Amino acid sequence: MTLAPELTTTTTLVQLDVDGELLAVCEPARLSGGRGVAVLLPDGRQAAVFMDRAGRVYAIDNTDPFTGASVLSRGLLGSAQGRPFVASPLLKQRFDLETGRCLDDDAVTVGTYTVR
């Protein structure tokens with residue numbers, strides 16, 4: 001009888017810090033530079049996870065605070081004054097991917113998640 005070799009490869013996963021708990025999302029190779037994906041969180045909320053073209057990964061809430069629609073993961077990535085942002089696909093407001101601050105309305109923010 002021949003035994004199959006054990007898989008010993010260590011795969012680094014993209015993980016989000018959600019309320020102090022690490023949530024494994026996916027392998028980095030599953031993300032495309034310049035695009036986002038929606039992730040369902042354990043409590044039913046959604047996060048939008050993005051990889052920029054330089055390979056940096058960011059995560060913010062997926063809900064557009066101006067419309068209530070869960071669409072930010074479908075937004076367009078860009079940068080303004082060296083700050084990475086996503087523009088909502090609906091009304092085009094831009095959200096800083098590091099702070100969650102709306103670049104078009106200082107009174108509005110979305111939540112952010114630490115990515116490991």
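The points below start with the basis of the model and then go topic by topic.

This is a predicted model, in which local features need pLDDT of at least 70, side-chain atom pairs count only at pLDDT 80 or more, and totals for chains, interfaces and linings use all residues. Residues are numbered from 1 along each chain as its sequence is written, and side-chain values use heavy atoms, with hydrogens and water left out.

**Fold**
- The protein has nine strands and zero helices, where strands (E, at least two residues) and helices (H or I, at least four) are DSSP runs numbered from the N terminus.
- The C-alpha trace spans about 65 × 30 × 25 Å along its principal axes.
- Of the contacts (heavy atoms within 4.5 Å) between residues at least 6 apart in sequence, 33% join residues at least 24 apart.

**Burial and surface**
- Of the 116 residues, 34% are buried, meaning under 20% relative accessible area, with exposed over 50% and partly exposed in between (1.4 Å probe, protein chains only).
- The accessible surface (Shrake-Rupley method, 1.4 Å probe) is about 7,200 Å², and carbon and sulfur atoms account for 49% of that surface.

**Phe66**
- Phe66 sits in the loop between β5 (57-61) and β6 (76-80).
- Phe66 is partly exposed, at 31% relative accessible area.

**Charge**
- There are 11 positive and 14 negative side chains, and the centres of the two sets are 8 Å apart.
- Lys and Arg count as positive and Asp and Glu as negative, without His and the chain ends; each charge is placed at NZ of Lys, CZ of Arg, CG of Asp or CD of Glu.
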